[in-house]
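The following note sets out several points for a colleague who is examining the model. Please read the numbered paragraphs beside the sequence and the structure.

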Amino acid sequence: MINLARRDIAHHLKSYLLTGLGLGLLIGVTLTMAGVYRGMVDDAKVLLRAVDADVWVVQQDTLGPFAEPSSVPDDLYRALLGLPGVAQAGNVAYLTMQVSHAGQSQRVMVAGFEPGKPGGPAFLVAGRPIARAHYEAVADAKTGLRVGDVVRIRRNDYTVVGLTRRMVSSNGDPMLFIPLKDAQEAQFLKDNDAIVEDRQRLAANPAINRPGQPGVLDAVQAIQASSHKVNAVLLRLQPGVDARAVADTIARWQRFTAYTRDDMEEILVAKLIATAAKQIGLFLVILAVVSAAIVAFIIYTMTLGKIKEIAVLKLIGTRNRTIAAMIVQEALGLGVIGFFVGKFAATLWAPAFPKYVLLETGDAGRAFVLTLVVCALASVLAIRAALRIDPAEAIGG
Amino acid sequence: MEHRAVSFINRRNLLLVAGFMVFAAAFFWLLATRGPLAPVGVEQAAVTRADLHPGVYGIGTVEAQHAYSVGPIQAGRLLRVMVDQGDRVEAGQVLAEIDPVDLRQRADAAMSAAARARQAAAAAQAQVAEADSRTRLAQANLARYEVLYRQNFVAKEMVDSRLHEAAAAEAALAAARANAAAALREIGRADAERQGIDQLRNSLRLLSPIKGVVTAREAEPGTTVVAGQAVLRLADPAHLWVRARVDQARAQAIRVGQAADIAMRSAPGKALPGKVARIELQSDAVTEERIVDVAFDPIPDRLYLGELAEVTLHLPGTRNALTVPRAAIGLRNDRTGVWQAVDGRARFKPVQFGVQTADRAQVVSGLAEGEHVIVYSARQLDDGMRVREQQLTAR
């Protein structure tokens, strides 16, 4: 019994391989799209994983600090540390801004944290952790910064002392970690012109600048220029303590809103990137359906292109089962070639994307099964067409 | 059969097989290096001995050790301001004057009051002399009439009358003397009042309490200033220091006398020598910073008050200590330690750390010299994760 499929493929090897390659690129695009979707969801969660906080305390009735602005006093952590079950508390401030280096500015999320407390980078790929209390930074490698580079944030220059990786905001902006006090200043400090103008405005206000009370104006100006606010307080709990219970206690008695890690994930994934993720998700579904349809059509037309050969086969008495096996084998072969080329291509070009593309093994497995199922279904259509071919066509035409 | 065998090893099939093998190899290489099967890339370093020179970093502003605000002790209008910002002044030098308004007239009035008091005193003295003379006359008359009465030349009634005259004259003398004393006291009062007004006039001249420099001129002639409001601010340029704020968490080992480097914001690359002159007892409770005054040693020629300065305090170090790079310090279940690659898998080893500098940390216990620790990793490590040594960033 000779293998008809192998013979047929060997006969049209070049066109068969090229068809497989084309299919592969299409499958690669679909896989990449799935990777983009997964990467987007992963971007939203990566910060949560990195800071490894059990409870996030934010301003009352806000979805802070990422989905909504949130501002809490920076001495709140003292009260929180006193709660039973709380092991560590860290103030954090987040602000998305443009920072400039060597004449080029780029969008980053600046994260202020206190060294040794929750909120900092979890690991480094180069350099050292922040050692000084001011003007040092650890950057995500995606910023393109290198150890020793100097970036300007507002009015101060920061030296990059360390690099980390995969630290992005939920929008995919790379992060830049700086000491908390600097971040507070960067967040709340106005530019110099605004400060001077505000001073003049205050000095012109007779209620504040009263004759005979020269100290009042200075005091008001000092209050305006200083900030003791942070965006959130991160808590790590002692082992075995229920985060939900601690969060409820904080919400009830401290009058702040507290989220557990699961709540936060829900906010980031279901609220912050919901629309964008749905957009990508819908596109992914359409792309998958279109890809499946194209795969089916290619296999169908490939079979129809062999009408004459099949007619000859029928004429010489080949059994239907043999012809069907040939078509199924060719279709599955195309599917396998296409999948591996696609996976290869997707893995190859995924790191070149500006945002993170996460190619999950599970997705690849599902794509493989789906490809084979689509190929099998398409070959069923093709077999039906092939079996209806009249052997007489081999002689006619 | 012959034909098939030949066709099977022809060039095309060879190419095909070779191409397939190249593809398969590339595919698995890609999966193994970039895909999910790849072990986490790490960079390791050995535990080595080194001298550690830890430092604490703080920022502060250049301030005067003592700042002087010179102002009036009571409300008034500024008449003259003699010095301007940047002027050097001597101790006792007149810096500004407050308008005395009617003080001079009041002084004149006090002066004439004093003169009048003296004249009144002279008049009182003259009255004393007159009363004295009257008394002596009355006593002489009394003595004379007493003799005549004893020889029965005059009646008793005449003697009594002379007696009364003498007593009245004595009383008048006492009254005149009391008046004279009161007039003398009035002189003292008038003099004191005059002196008080002079003192007030002196206080209207604002004098420099020190030899120093004027740092601010806060009011101009014609301005009405209230008691205690600063007209001029002075500082002693020989006693300027940096009032630096240091995170309380790192301030433990700071002592008076430790050496420090001071980098001014205007010259960030140049470190000026200094030393810790005072650690303030009162820390900032809101910002959780200890305030350390760092004196310049020696003091530079030109300093600007209020300029931002970065201060690095040199703490006592340790020599020949067992150290690891500080980036290697990890935290797991609230315990410090390091990650190590054991048989290609990441393992956490609890380590106690001592003195830390920016780059290195002293190992107190938990590691031996020559052991390797993971310094950098491409991902967050977890126990048992497969790791492989590779260069993570371009050097």
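Where is the place of B:Asn152 in chain B?

1. The model is a predicted one. In chain B, B:Asn152 sits in the loop that links helix H3 (103-150) to helix H4 (156-203). The backbone at B:Asn152 has a positive phi of about 60 degrees, although the residue is not a glycine. Most residues other than glycine have a negative phi. B:Asn152 counts as exposed because it has 8 C-beta neighbours inside 10 Å, and the cut-off for an exposed residue is 12 or fewer.

2. Chain A also has a non-glycine residue with positive phi: A:Asp52, with a value of about 55 degrees. A:Asp52 belongs to the loop between helix H2 (13-51) and strand E1 (55-58) of chain A. Is A:Asp52 buried or exposed, or does it fall in between? A:Asp52 is partly exposed, because 14 C-beta neighbours lie inside 10 Å.

3. A further backbone feature concerns a proline of chain B. The peptide bond between B:Asp297 and B:Pro298 is cis, with omega about 0 degrees. Most peptide bonds are trans. B:Pro298 is placed in the loop between strand E15 (289-296) and strand E16 (308-314) of chain B.

4. The next point is a sheet in chain B. Its 4 strands follow the order E8-E7-E5-E10, and the sheet is open, with antiparallel pairing. Strand E8 (205-207) and strand E10 (224-225) of chain B are the edge strands, each pairing on one side only. Strands of a sheet pair through backbone hydrogen bonds, either parallel or antiparallel. Between strand E7 (residues 94-98) of chain B and E8(B), the antiparallel pairing extends over 3 bridges. Within this pairing, B:Glu97 has B:Arg205 of E8(B) as its bridge partner.

5. Which strands of chain B does a hairpin of 3 residues join? The hairpin connects E21(B) to E22(B) through 3 residues. Strand E21 (residues 352-356) and strand E22 (residues 360-365) of chain B run antiparallel and are joined by 3 bridges. In this arrangement, B:Gln352 stands opposite B:Ser365 of E22(B).

6. B:Thr33 is part of helix H2 (residues 11-33) of chain B. The residue is partly exposed, because 14 other C-beta atoms are found within 10 Å. B:Thr33 and B:Leu281 are 248 residues apart along the chain, and 58 Å separates their C-alpha atoms.

7. Chain A is divided into two domains, each made of two segments. Domain 1 covers 4-44 + 275-394, and domain 2 covers 60-189 + 227-255. The C-alpha centres of domain 1 and domain 2 of chain A are 47 Å apart.

8. The last point is the contact between the chains. How many residues does each chain give to the contact? Chain A gives 29 residues and chain B gives 28 residues. On the side of chain A that touches chain B, strand E5 (126-127), strand E8 (156-164) and helix H11 (320-349) of chain A each supply at least two residues. H11(A) provides the largest share of that side, 4 residues. By class, the side of chain A that touches chain B consists of 17 nonpolar, 7 polar and 5 charged residues.

Methods: Residues numbered from 1 in each chain as written. Chains lettered and ligands numbered in written order. Predicted model: local features only at pLDDT ≥ 70, side-chain atom pairs only at ≥ 80, totals over all residues. Contact = placed C-beta atoms within 7 Å. Nonpolar A, V, L, I, M, F, W, Y, C, P; charged D, E, K, R; others polar. Domains from an automatic or database assignment. Buried ≥ 20, exposed ≤ 12 C-beta atoms within 10 Å, placed from the backbone. Pairing = 2+ DSSP bridges.
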